[in-house]
Amino acid sequence: MDYFIKTIISLLKGKIDLPEEEIKTLLEIPPDFKMGDYAFPCYGLAKTLKKSPNVIAGELAKDLHAGKPIEAVRAVGPYINFFVDKTTLSETVLKTISKERDGYGNKDVGKGKTVVVDFSSPNIAKHLAVHHLRSALIGNAICNSYKTLGYTCVGINHLGDWGTQFGQLIVAYKKWGSENAHHTYTVTDLNNLYVKFHQEAEKDPGLEDEARAWFKKLESGDPGAKELWQYFKDISLQEFQKIYDMLGIHFDAFVGESFYNTMVEDTITRIKEKGLSRVSEQALIVDLEPYNMPPCLLRKKDDTTLYATRDIAAAEYRKKTYDFDRMIYVVGSEQKLHFNQFFKVLELMGHNWADRCVHVDFGLMKFKDGKMSTRKGKVVLLEDLLIEAVGRIRKIIEQKNPSLENKEAVASDVGIGAVIFADLCTKRSKDVVFDWDEVLNFEGETGPYVQYTHARLCSILRKYGKPVTAEIRFELLKEDETFILIKNLGQFPSIILKAAEFYEPSLICNYLIDVCGNLNRFYNAHRVLSDDEELTKARIFLVDATRQVIKNGLKILGIHAPEQM
RNA sequence: GCGCCCGUAGCUCAGCUGGAUAGAGCAACGGUUUCCUAAACCGUAGGUCAGACGUUCAAAUCGUCUCGGGCGCACCA
C-alpha cells in the first residue's frame, strides 16, 4: 500500500508547496470506494492560495496526469481523488500475502528490542473467574502483536503470592481447615477459607491482627508459615495451569511477588539514601504531594512491605534481567493511581527508563447488579464459562454438521474462541457487564463468525484440490465486492502496527469482522469454482489470501482457526 | 471534595491524532438455498452522536463547564 501512497506524494509534491510528511498525513481514504482509493483535501491550501478549495482541487486535478499505478485523478468538490490501478493493487497485495504466508503482517520495527508484558497476574488461593479474563486475553494479544512486529516479548505472570492475605489464609487454615488436612486441598477449599475469614473477621476484628502477625512471620522467613504458603501456592498453580492451557495462553515466566522479597530491603535502602522517603504515622512513605498524588507506602507500621514496594523491586530486577525497551502492565484501571505513584517513584529514583513503563488499563467487568467479588463468592468461574461455551458449540455442531470429524477439538476451538473474541472485541477502556447470553451468542460479529468464514474458505480450497498458483490474470479480480476485499486485505499490516501502538487488540477484532463481511459479500455474489479455468484460478488465489489473513489475525488474538466446523 | 475512565439506533458496540451522506451486529419485520458449509447474505425500520458554550472554513471527534454512570484517593492487591 505504501507504494501507492508514495506515488501520489511524488505526484503532488511538484504542484503544491508542502513537505512530503505533511502531504502524507493529509492523505485520506474516501468514505466510499466509488469516490476513489485515496483523497487529498484542499481546505488547507485555500488560505495560502486565496481560492476556494473546490477551485484548487479542480485546477490541481487537471494538472496531475495519471500514470502507471494511478489510473485516474479526479476533483470531487474540495478533494482531489486518486484511483489506483486495480490490477496493480491486486497483484501487489495478493502476491505479498502468498509470499509471506504465516508471516504476512510481520515487520521488523522491533528487531533487537525487548518488550516485557506483565499480564494475568492473579492472586493465588482464589479461582480464576471471568473478571480475570481481560488481563489474560488483552495481555496475550498485546504480546502476540509485538512479536509480530519483531520484538522479543517476555510474558510475565506476576502472581499475587505475597501479602497480608496469606496471613489471613494461614489463620483461617489453622482455625478451621487443618482438621481435614489428610484430604487433598483444592482451590475451592482455600477459597472457602478465605471467605470464612472475612465473615468471621467482621464479628471479631482481632483476627485481622492475627493475620498481620502471620504475614510478618512469613515475610521474616518463618518455616512453618512458609511451608503452608508453599502448599497453598502449589494447589493454585496446578489449577491455574489447567485454565491457561484451555485458553492457550503461555507465559515466559511465572514469577510472583514473593520472588522479590529478598530484594525489597536493598530497594528501600536506596530510596532512603536518595532522601526520597520519610516516616509518617509510623509507616515509611515516599511523599508525592508535589505531584498531586497521595504518598506511596513502602512499609507498614508493622514493618512489612506493600505491593508498591515489591513492584518497584520487580521493575528494577526486570530491567536488569531483560533490559527491556518497554514494559507493559496489563492491569485494571482501578489500579491507575498505584501505577502512577510507582512509576513516579522509579523516576525519582533516577531510573531514566521510568517513562518506558506503561500501564495498559482496562475497564471493570461486573454483573448487572454490581461488582464481582471473590470475598462474597459472587463470581462466574472461568472454567465453568469455558465448559459451558464448548458445550453449547458441541450442540450446534451436532445440529449443523453432525458428520464433522474431530468434533471435540473443534467445539473447544470454537467455544473458547467465542469467549476470547467476545472479550477482546470491545475497546479495553470500556467497562463490560458480564452477560451469559452475550458471551455465548455465536451469530453476527463474533468469534465463530470469523472462524466459520475461515472454515468455508478452507472448504473451497479442499474442493478445488489443486495447488494454488500466483500465475493468474489479476485483471479478472475487478468486481466491486472483489476489489473491496483485496484492498481490505492490504490493510492488515498497518492494523497490527496500530493495535500494538495503542495496545488495543479490539482493532484486530474489528478488522477481522470487516474482512469477513467483505469476504461473505464476495462469496455470495461470485462463484469461486467454475468452468472458467482462468477465473477460478484467480478467485482461488484471492480465497487463499483471505484465508491466510484471517488465520494470522486470529492467531494474534490467541484463537485457533479450524479448517472445518 | 479531588483525580481518572465511560456516555453514539431499543440493546451491544465501531467511528474519536477534526474533514465529503454518522456505520455494524443483536432484537423486529420481509426476502435469498437445483449452486463452493444459511454459524451466511440482501432489504425495511430505527439516531437532538448526554447537554451547553467555545475553537475552526469544517466538531460525534479538540477545549471549558453541566448532567448521568463507573473506578480510585495511607498501611489490601
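A polar contact is a pair of N or O atoms within 3.5 Å; within protein, one must be able to donate a hydrogen and the other to accept it, and residues adjacent in sequence count only if both atoms are side-chain atoms. With that in hand I looked up Thr164, where a polar side-chain atom lies 3.2 Å from a phosphate oxygen of RNA strand B.

**Basis.** I note that this is a predicted model, in which local features need pLDDT of at least 70 and side-chain atom pairs count only at pLDDT 80 or more, while totals for chains, interfaces and linings use all residues. Residues are numbered from 1 along each chain as its sequence is written, chains are lettered from A and ligands numbered from 1 in the order in which they are written, and side-chain values use heavy atoms, with hydrogens and water left out.

**RNA strand B.** An N or O atom in the side chain of Asn123 is 3.4 Å from a sugar or linking oxygen of RNA strand B. I then listed the elements that give two or more residues to the surface near RNA strand B, among them strand S3 (79-84), H7 and helix H20 (506-525); helices (H or I, at least four residues) and strands (E, at least two) are DSSP runs, numbered from the N terminus. H17 gives the most, with seven residues.

I found 68 residues surrounding RNA strand B, the closest being Tyr79, Lys300, Tyr452, Arg456 and Arg527; a residue is near a strand if one of its heavy atoms lies within 4 Å of it. By class, this surface has 28 nonpolar, 16 polar and 24 charged residues. Here Ala, Val, Leu, Ile, Met, Phe, Trp, Tyr, Cys and Pro count as nonpolar, Asp, Glu, Lys and Arg as charged, and the others, Gly among them, as polar.

**Pocket and cavity.** I worked from a 1 Å grid over the protein atoms alone: a cavity is a set of points where a 1.4 Å probe fits but cannot get out, a pocket is an open set with protein on both sides within 12 Å along at least five of seven lines, and lining residues have an atom within 4 Å of a point. Grid points are joined across faces, edges and corners, and a volume is the space filled by probe spheres set on the points.

The largest pocket holds about 1,400 Å³ of space. Its lining has 43 residues, of which Ser121, Asn123, Lys126, Glu334 and Gln335 lie nearest its centre. I divided that lining into 14 nonpolar, 19 polar and ten charged residues.

Helix H7 (residues 164-177) supplies three residues, the largest share.

**Salt bridges.** I recorded 30 salt bridges, each a side-chain nitrogen of Lys or Arg within 4 Å of a carboxyl oxygen of Asp or Glu. One of them joins the side chains of Arg318 and Asp118 (3.0 Å, N to O). Arg318 in helix H12 and Asp118 in strand S4 (residues 114-118) are 200 residues apart.

**Record.** I consulted UniProt, whose unreviewed entry places the feature "domain: DALR anticodon binding" at residues 450-565; positions are given in the numbering used here, feature names are shortened, and annotations may be inferred rather than shown by experiment. Residues 450-565 are 70% helix and 0% strand, with the end C-alpha atoms 12 Å apart.
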